[in-house]
Amino acid sequence: MIYFLQNAEGHIKIGYTTNLEQRKQTLQTGNSSLLRTLYVIEISNEESFIFEQHVHEICSQFFLQGEWFSTKVIDHLLDHPWYRTHMLAVDAL
C-alpha cells in the first residue's frame, strides 16, 4: 500500500507499508504535529517499494526532504486519470 500523510504544515509524506496504522503510529511518535492520512493506493506488497519510488520520481519537482513533498503534490497526481481513479481518499482523524 502507498500512503499519503499530511502534517500540520501541509507537507505530504509519500511512503509504503503493509500496516498503515502501525506505520502512522511510528511516524507520529517522531512528529510534534498530528499526522492525517489523506489517500492510499492499494497495491501488492511486492510492487509497493518500486511503485513508491516511481511516485517519488514523477513528483520530484515538489520534493522537500526525505519522503516529504509540498502540498501541491496531491493536485499534481490527481490531475492524472490513473491516480484520480486509484488514490482512495481516507477520512482524516
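The model I am looking at is predicted, so I kept local features to pLDDT of at least 70 and side-chain atom pairs to pLDDT 80 or more, while totals for chains, interfaces and linings use all residues. Residues are numbered from 1 along each chain as its sequence is written, and side-chain values use heavy atoms, with hydrogens and water left out.

Next I followed strand 3. Strand 1 (residues 2–6) pairs with strand 3 in the antiparallel sense over 5 bridges; two strands count as paired if DSSP finds at least two bridges between them. Strand 3 also pairs with strand 6 (residues 88–89), again antiparallel, over 2 bridges. There I noted Val40, whose bridge partner in strand 6 is Leu88.

How many residues of strand 3 are buried? I found 5 of the 6 in residues 36–41, where buried means under 20% relative accessible area (1.4 Å probe, protein chains only). For the protein chain, 44% of the 93 residues count as buried.

Then I stepped back to the fold. I listed 4 helices and 6 strands, in the order β-β-α-β-α-β-β-α-α-β from the N terminus. These are DSSP runs, helices (H or I) of at least four residues and strands (E) of at least two, numbered from the N terminus.

Last, I looked up contacts (heavy atoms within 4.5 Å). Among those with a separation of 6 or more, 62% join residues 24 or more positions apart. I also noted that the C-alpha trace spans about 35 × 25 × 25 Å along its principal axes.

Terms used
Buried < 20%, exposed > 50% of the residue type's maximum accessible area, 1.4 Å probe, protein only.
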